[in-house]
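Student: I would like to learn how to read the features of a structure like this one. Could we go through it together?

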Amino acid sequence: MRIFLAGAAAIALSGCSFLGLGGNKDYKDYGYNAQTGNYGYQADKAAPKACHSGQCLSRWNLEGAIGPSFAVGGTAVTGDKMNAAPRTSVRNLDNSDIFDTGYRAELGGSYALNPNRKITGNAFVEHANGGDVADWGTLNGASLQGGLSDYQTYGAEIGLRQYFAPRKGLILKSVRPYVEGKLGAAHLDDITLNNVTTSAGTTVNNVADLPFYEGGWVPTAAGMIGFETPVAKYTTIGLETGLRYTGVPKTDKSAIRPGTALSGANNGGARYSIPVMLRGRYRF
């Protein structure tokens with residue numbers, strides 16, 4: 001899945017080299033239409049002589065988005081990779097078992113290569129609260145419980161968005177669907193094990209909180225689908241979703257060393273999530 005997402009995004013982005021950046025072209029067929037709600041251009045007031053039809057493409061856009069992010073894959077606790085002390089057994093726990101539904105927020109912009117294609121760039125933050133799990137497994141015959149600290153990332157991405165022809169909506173005047181591929185990088189904050197105890201009242205490695213994953217930069221990739229609808233002369237809003245990949249965090253071995261309790265439990269993989277985001281775009 002990671003290879004597929006990264007490959008799809010890379011193929012999409014690779015098209016930028018032959019798409020004809022720059023230039024002030026007339027696009028008579030992409031003007032505002034009161035029936036469809038489509039508007040792909042605005043008059044070039046700064047250089048009217050260069051815009052012969054008065055229907056020239058708006059190149060620059062300001063964009064922002066926010067919405068929930070649902071963890072759907074990736075193992076946070078790897079019981080199947082344990083090499084810990086005897087009589088210790090931990091089950092695999094996915095990101096969805098540990099972390100609550102989070103949120104994602106983005107702010108950035110886009111540049112129109114033509115009326116149907118845009119290069120996008122944005123900064124983002126993503127956060128999900130960590131939670132306690134009552135049954136991790138057993139340690140020396142006693143049941144083990146605890147939780148992980150919050151999942152927090154920030155970073156930046158670039159993408160290539162392809163629009164399709166506007167369609168009449170059932171409630172909305174028109175909708176314009178699109179697909180987008182993205183690549184980027186995210187900085188993941190440190191993740192710790194919190195309040196790790198057993199039913200016998202003992203702690204793990206004689207402490208209640210243990211460093212689990214080291215913070216650092218990881219790659220990201222995403223494949224998105226969505227639609228936009230106009231709400232004002234220069235403004236659209238839309239809804240988008242898709243599948244997002246965030247890279248593998250680094251194992252923290254400062255406290256959970258080989259041969260100790262829980263050794264190998266922090267060899268987790270990538271995080272897969274599905275964001276559902278309300279997106280706004282203002283064109284200049």
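Tutor: Gladly, and let's begin with strand pairing: two strands pair if DSSP finds at least two bridges between them. The strands themselves (E, at least two residues) are DSSP runs, numbered from the N terminus. Please keep in mind that this is a predicted model, where local features need pLDDT of at least 70 and side-chain atom pairs count only at pLDDT 80 or more, while totals for chains, interfaces and linings use all residues. Residues are numbered from 1 along each chain as its sequence is written, and side-chain values use heavy atoms, with hydrogens and water left out.

Student: Which residue in strand 9 stands opposite Val90?

Tutor: Val90 has Gly137 of strand 9 opposite it. Strand 5 and strand 9 (residues 132-139) are an antiparallel pair with three bridges.

Student: What is the strand order in the open sheet of six strands?

Tutor: The order is 5-9-10-14-15-18, and the pairing is antiparallel. Strand 5 (88-90) and strand 18 are the edges; each has a single partner strand, so one side of each lacks a neighbour in the sheet.

Student: How many bridges join strand 10 to strand 14?

Tutor: Four bridges connect these antiparallel strands, and Gln145 stands opposite Thr197 in strand 14. Strand 14 also pairs with strand 15, again in the antiparallel sense, over three bridges. There, Thr192 has Pro211 of strand 15 as its bridge partner.

Student: How should I read charged pairs, and how many salt bridges does the structure hold?

Tutor: Side chains of opposite charge can pair when their charged atoms come close. The criterion for a salt bridge is a side-chain nitrogen of Lys or Arg within 4 Å of a carboxyl oxygen of Asp or Glu. The structure holds 14 of these salt bridges. In one of them Arg279 pairs with Glu106, with the closest N and O atoms 2.8 Å apart. Arg279 belongs to strand 19 (residues 271-283) and Glu106 to strand 7 (residues 102-114), so this pair ties together parts 173 residues apart in sequence.

Student: Which other residue forms a salt bridge with Arg279?

Tutor: That is Glu240, where the closest N and O atoms are 2.8 Å apart. Glu240 sits in strand 17 (residues 235-246) and Arg279 in strand 19, so the parts tied together are 39 residues apart in sequence. Glu240 is buried, at a relative accessible area of 2%, and Arg279 is buried at 5%. Glu106 is buried as well.

Student: Is Lys250 buried or exposed?

Tutor: Lys250 is exposed, with a relative accessible area of 55%. The side chain of Lys250 meets that of Glu214 in a salt bridge (4.0 Å, N to O). Lys250 lies in strand 18 (residues 250-251) and Glu214 in strand 15 (residues 210-214), so the pair links parts 36 residues apart in sequence. Glu214 is partly exposed, at 29%.

Student: Finally, how do I read contacts, and which residues does Val125 touch?

Tutor: Contact means heavy atoms within 4.5 Å. Leaving aside neighbours within four places in sequence, Val125 touches Tyr103, Arg104, Ala105, Gln152, Thr153 and Tyr154. Val125 lies in strand 8 (residues 117-128) and is partly exposed, with a relative accessible area of 31%. The C-alpha atoms of Val125 and Gln152 are separated by 7.6 Å, although these residues are 27 apart along the chain.

Key: Buried < 20%, exposed > 50% of the residue type's maximum accessible area, 1.4 Å probe, protein only.
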